[in-house]
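Me: Could you walk me through a few charged pairs in this structure, please?

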Amino acid sequence: MQRERTWLALWQLLAERPGQHKRQLVTGLQRMGLLDVSTTDVNRLLYASQETFAHDGGTPRIWRLTDQAPHYRLTLSTTAAAPSPRCYVGKAPRAWQAEAFAEWQAGGRRGVVEAVTGTGKTTVGVLAAAAAVDAGEKVLVLVPGRELLDQWYEVLRRDLRVTRVGRFGDGHKDSFDDHPVLVAIVHSARRHQMLRPGSAGLLIADEVHRYGAKTFAMALEPEFGARLGLTATYAREDDGLQEFLEPYFGDVVMGCSYQRGLADEILAPFRVGFLGTELTPDEREQYDFYDERARALRGRLILDYGCPGEPFGEFMAHVNELSQGGHGNASATADARRYLHAFSKRRQLLADCGRKQEALASLAPVLAVANQGLVFGETTASAEEAAAVLCRNGVPALDFTSALRHKDRKHRLAAFKHGQVKVLTAPRVLDEGVDVPQAEVGVIMAGSRSKRQMIQRMGRVIRPKVDRRPATFFVLYAKGTSEDPAMGAHEDFREQLIGVAQDVRDFPVRTKLVDLLRWYREGRFMS
């Protein structure tokens, strides 16, 4: 039934507008309510029915109906885009933003919008805030940190007409007494009752996946009748979605996928290269020691002390709790602490291994010719070393870490934006929340087991370029470790790339610079 419904919807899309490529067709299907259809599904149907669908033979294939195509019409339900609220004075919303806002309203003003980084999920939140202000409601925007506090504050002041916007947290103590809209850091908001009982209000949670932690969930006040979550990837490695977020926000509503972003040209096309490195003999010896120790202790913690094997976040939560002691089992506490030590040492080895810095040095010529780049590490030390490596190889680079003062981070972002710095190197501080200027190349120095983190980092680079060139991503990994794709690493992430990336390439250890540069240049001029 689903296959037939999709086939008929494809027929309707091409009958109404001939000459579309597969990504445009996927976007059309999503607008018609077929949210789970992939480019692979569309390809299969198009090529399986060549008596109905024909292409022009180009790259990408442009499809139309054949002269022999049957004649009928299918109308699938879709949510009509609502007009913008009266007090909204920002830019005209993109099609997906208007559709998501309308669907959220139609769903009782509750839901989560999941949209790839760079597609503009903040605008959906601003539209929702504007509609709430029109209705005389209070609006609370929860954010995880000070960068987003300032960003939301400026956006809301710019895009809402005649509305006092306040801040709560980071030294600010505004309230709903004289501000209809408040932006609050979750650390601060969770300690206070923000909305008075009996008041009508909307709660918007940016980076909503963060609030699945028990302490942050305390900020999700039941007094807010309208609720909107915003995220690039609605996923956690524990049960936080099921326990806290889904009961509060409800279902995921229409968002913006890679397919939609590419078809609407909101995102730049992109290519991903996986570049293998090797540990030194000393690093290998240490890695194997800590890896074996961590695996043995993990098994003991699960079998002997009842820690859940999956999801991994729940396992780690139980291990951390055991490590605190006070439960009357000294052996469990000792094993939990030994596991955390081995896990940390293994992770640090992968983050700081010397040959990844050598691999980064080999990518310096790529970063030198690119229109700016971002390098993502796991630790402050690795980010600082990466910046030093690039500088030694003639690429102006600065580290961007939480150790810097807030004003210094702002100055470095400004220098990057204006081209005075070619590359920023950062640990997790750039993963979410920071409005990063346009970059063309991204390098991941230590692959994360979190698909969400990998997607967020890629989203920092795939924003559309002025000259429409593709973005390029390099993922560095140590062979024979938990980062190695041959050992199952990045499986979910790679699966998501298939069908949307222009190219996913595996480079062996010691790939020559000329081959890396050639691949990069081929992609750069592909468009």
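Predicted model: local features only at pLDDT ≥ 70, side-chain atom pairs only at ≥ 80, totals over all residues.

Me: Hello! Is Arg271 buried or exposed?
Reply: Residues are numbered from 1 along each chain as its sequence is written, and side-chain values use heavy atoms, leaving out hydrogens and water. Buried means under 20% relative accessible area, exposed over 50% and partly exposed in between, with a 1.4 Å probe and protein chains only. Arg271 has 2% relative accessibility, so Arg271 is buried.

Me: Which residue forms a salt bridge with Arg271?
Reply: A salt bridge is a side-chain nitrogen of Lys or Arg within 4 Å of a carboxyl oxygen of Asp or Glu. For Arg271, the closest N and O atoms of the pair are 3.5 Å apart, and the partner is Asp503.

Me: How many residues apart in sequence are the parts that Asp503 and Arg271 tie together?
Reply: Strands here are DSSP runs of at least two residues, numbered from the N terminus. Asp503 lies in strand E17 (residues 503-507) and Arg271 in strand E11 (residues 270-277), so the parts they tie together are apart in sequence by 232 residues.

Me: Which residues are linked with Asp503 in a network of salt bridges?
Reply: Asp503 also forms a salt bridge with Arg505, with the closest N and O atoms 2.8 Å apart. Arg505 is partly exposed, at 34% relative accessible area. The network links Asp503 with Arg271 and Arg505.

Key. Helix = DSSP H or I, 4+ residues; strand = E, 2+ residues; numbered from the N terminus.
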